[in-house]
Amino acid sequence: MVRLPYTTALTTLFSYGLLFAFGQLRDFFRKLIDWFKAKNVKGYAPICLGLEDFYVRRLYLRIQDCFGRPIASAPDAWFDVVERYSNDSNKTLQCTSNTMRCLNLGSYNYLGFAAADEYCTPLVIESLKKYSPSTCSVRVDGGTTILHTELEELVARFVGKPAAILFGMGYVTNSAIIPCLAGKGGLIISDSLNHNSIVNGARGSGATVRVFQHNSPAHLEEVLREQIAGGQPRTHRPWKKIIVIVEGIYSMEGELCKLPEIIAVCKKYKAYTYLDEAHSIGAVGQSGRGVCELLGVDPADVDIMMGTFTKSFGSCGGYIAASKEIIQHLKLSCPAHLYATSMSPPAVQQVISAIKVILGEDGSNRGAQKLARIRENSNFFRSELKKMGFEVLGDNDSPVMPIMLYNPAKIPAFSRECLRQKVAVVTVAFPATPLLLARARICISASHTREDLIKALDVSAFSCMQFSSCSRTHKDIPIHIAPIFVIHSGYQQSW
C-alpha cells in the first residue's frame, strides 16, 4: 500500500481545494453576468447537474489535451500520435494533419501482437476475406463460425478448464456475467480495488455486496465469518451462494493477487472464487498462462476464470472459462451471449494465432522469446525506476508500473513534457484513483528494446526535474513535487 507523506497529502489537498474555490468563484461571476439569459428549455431540467458538470468544465477541460490523443498507426513499441491544437483554452481540440512518432508506454500490447506479425497477420487477412469483418448476428443465431468454436476450445485448453465462452467486449464479460452467477439471496465479496466492470456487474446482480481490504486474505476471512454468521439481511437465512471476486494483476496498482491464500480462505468457508485475469493472462507465467501458473495454483481450484484478449493477444473481446455446467448456464442465460453481436471473425483468428505462437504451435520458439522478453523488460524497467528514486507500485514480473505523482500539477506537466520528448504516457487521477494518489501508469511490452526503455527512463527523469521545486530527491530525481493547480478526470467508480 502507498505510504503518503503528510507534506504531500497537505499540498495535494490544498491544490484541489484551491481549484474548487476558484472554479466556484468563476461560476458565481458567470451567473451574475449571464443572469438574464435562459439556461434551459422551459420546463426541462438540466441534463448535467452539480459537481459532475463542474468537474468537467472547470477541471478536466483545462488539461484534456493530455487524454484521448488520437493515433495514426498500429500501437506497437512506437506509434504515430496526431498533433492537436485549441483556439478556445482547451474547450475543444482540433486535429491536424501532422503526426509525431512517439515511444508507446501506454498501450496494453504486452506481448507485441498489436502490430503486424509474420504468423498472425496473414491468417487474419485470410479470415477477413473468408468471413468478413463481422458476423452481423448474435451467437445463438448466425453469429457462430468455426473460428469461434475453435477459440473456445483453445482457450479452455490454454487456461486449464473444461470449457469456455467468448464475448465481444472485455468490459461486458464482467458486467454481464456476474449478474448471471449471483442474484437476490447471494453474496458477492469483492476486493476494494477491483475494476469498474466488476463493480457494475456486482451492483447489477441484485446480490448483497461486501468489500474486503485490497489483497488482504486475513480481512477476507473476517468478512466471510461475519457474513456467514449473520446471514441474509433482515431474514438472517443462509446465503444461497457466496462468490469472492479478485483480479490476477490489478490494473491501477500493478500488484499480483495473493491467490493461493485467498483460495485457501474460500475453500475453508465454501465460497466460490472468481478470478479476473485481464492483465495477467498471456503476460505472466512461464508459458503465459497467468497468475495460476506463476503462483503455482491449480486452475481447478478457481471456479470461474475471466480474461480478455485486448492485452496480451492484440485483439478484442473476452472469455469465461469454467466447468461445462457453468458455461452451458451462461450460454442459456447471459444477455451478452444471447443479444450482442458475436466477436469479429478476424479478431477471433488473431487470438487463435497469438495463442498458437505462445504455445509454440506455429513451429517456432517466438512465443517463449516474447514471454522471456516481457519479464526481462518489466523487471529491468521497474528496478531502474526505483534506483532513480521514483515511487513505483506493483510486483516483479508485472508489466503494469504505476509511478506515483500525487499532486495534481504533475499530471499535465509530466504528460506534456514526455510528449514533447516523444514519449507517450498515460496519467490517471481521481475518480479513477483515490483523490491523493494520482499516478502515471506505464505498460511495458515485449516489443520494447533495451534502447527504448533507457530512453523512457531518461525522459521520465528529465520530465520530473523540469517542474520540480522539492528538495527531497534521490540521485537528483524528485519524488514529491510542489503543486500547480490543474487536474485530470478519470472514470472508475468507487464502491
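User: How many salt bridges are counted between domain 1 and domain 2, and which residues form a salt bridge?

Analyst: The model is predicted, so local features need pLDDT of at least 70 and side-chain atom pairs count only at pLDDT 80 or more, whereas totals for chains, interfaces and linings use all residues. Residues are numbered from 1 along each chain as its sequence is written, and side-chain values use heavy atoms, leaving out hydrogens and water. With a salt bridge taken as a side-chain nitrogen of Lys or Arg within 4 Å of a carboxyl oxygen of Asp or Glu, the count between the domains is 1. A salt bridge, with closest N and O atoms 3.4 Å apart, joins Arg 439 and Glu 253.

User: Which residues make up domain 1 and domain 2?

Analyst: The bounds come from an automatic or database domain assignment. Domain 2 is 119–359, while domain 1 is 6–35 + 44–104 + 386–466.

User: How many residues of domain 1 are in contact with domain 2?

Analyst: Contact here means heavy atoms within 4.5 Å. On that rule 11 residues of domain 2 are in contact with residues of domain 1, which number 14.

User: What area is buried between domain 1 and domain 2?

Analyst: Buried area is the accessible area (1.4 Å probe) that two parts lose on being put together, summed over both. Carbon and sulfur atoms give 60% of the area buried between domain 1 and domain 2, which is about 960 Å².
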